[in-house]
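Please open the model in your viewer and keep the sequence at hand. The tour below goes from selection to selection and says what to look for at each stop.

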Amino acid sequence: MYEVVQFIHSYWAYLVLFMLLIASFNAIIGFVTNKEYGSTNFQIALFTLIVSHIQLLIGIVLYFSAPYFKMWAEEGMGGVMSDSTLRLYNVEHPLMMIIAIALITIGYSKHKKKLTSKPKFKTLAIFYTLALIVVLSRIPWSAWF
Ligand code: HEM
């Protein structure tokens with residue numbers, strides 16, 4: 001069970017990162033070049049929201065099935081926080097990824113309420129780019145590659 005979920009989470013992360021990059025660049029370019037917001041822009045923003053929410057669900061299942069989680073009981077709060085690997089997988093990575101997905105969700109729903117192209121692109125550019133930075137900051141790069 002754990003290995004399967006870890007495998008899916010590991011490969012789904014490529015899709016999340018790819019979509020977040022595309023969506024952020026698309027929003028920045030749309031904003032800077034004063035492009036007209038169309039259905040493709042909407043689909044990119046929506047697909048990024050969907051794939052990140054799926055990753056959140058996979059991540060929650062992984063969190064409770066991973067061996068790191070059992071260390072809360074074995075090591076306690078002090079033990080987990082003083083070990084950089086345990087702290088990353090049990091606290092930093094999940095917390096930062098949840099913040100990133102919250103940013104995507106807020107950005108998506110705020111941009112939908114805007115009526116014209118420029119504010120739509122601006123909202124997406126700000127929230128999706130911030131989310132991208134947060135994701136990049138706490139991906140376990142050494143374990144991933
Ligand atoms: C944008 C969302 C997320 C991305 C892009 C992401 C990405 C990744 C990546 C690339 C890894 C390393 C995989 C490997 O070792 O091959 C990983 C590991 C892990 N992630 Fe996430 N993650 C996300 C969200 C979450 C969330 C929300 C949780 C928990 C609530 C979570 C829990 C974990 C855990 C526990 C591991 C360690 C798995 C292990 O090696 O045993 N992730 N994540």
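A residue counts as near a molecule when one of its heavy atoms lies within 4 Å of it. Keeping in mind that this is a predicted model, select the ligand together with the 21 residues around it, of which Tyr 2, Gln 6, His 9, Ser 10 and His 93 come nearest. If you colour this shell by residue class, you will find 15 nonpolar and 6 polar residues, and no charged ones.

Next, display the iron atom of the ligand, which is coordinated by the NE2 atoms of His 9 and His 93, at 2.0 Å. These two histidines come from distant parts of the chain, since His 9 belongs to helix H1 and His 93 to helix H4, 84 residues apart. What geometry does the site of the iron atom have? With 6 donor atoms and angles of 87 to 178° among them, the site is octahedral. For comparison, the ideal angles for six octahedral donors are 90 or 180 degrees.

Staying with the ligand, turn to the side chain of Gln 6, where an N or O atom is 2.8 Å from an oxygen atom of the ligand.

Taken along the principal axes, the C-alpha atoms of the protein chain fill a box of roughly 55 × 30 × 25 Å.

Notes: Residues are numbered from 1 along each chain as its sequence is written. This is a predicted model: local features need pLDDT of at least 70, side-chain atom pairs count only at pLDDT 80 or more; totals for chains, interfaces and linings use all residues. Side-chain values use heavy atoms; hydrogens and water are left out. A polar contact is a pair of N or O atoms within 3.5 Å; within protein, one must be able to donate a hydrogen and the other to accept it, and residues adjacent in sequence count only if both atoms are side-chain atoms. Ala, Val, Leu, Ile, Met, Phe, Trp, Tyr, Cys and Pro count as nonpolar, Asp, Glu, Lys and Arg as charged, and the others, Gly among them, as polar. Donors are N, O and S atoms within 2.8 Å of the metal (3.2 Å for Na, K and Ca); water is not among the atoms, so sites may look incomplete. Four donors count as tetrahedral if all angles lie between 85 and 135 degrees; four count as square planar and six as octahedral if opposite donors are over 155 degrees apart and all others between 65 and 115; anything else is irregular. Helices (H or I, at least four residues) and strands (E, at least two) are DSSP runs, numbered from the N terminus.
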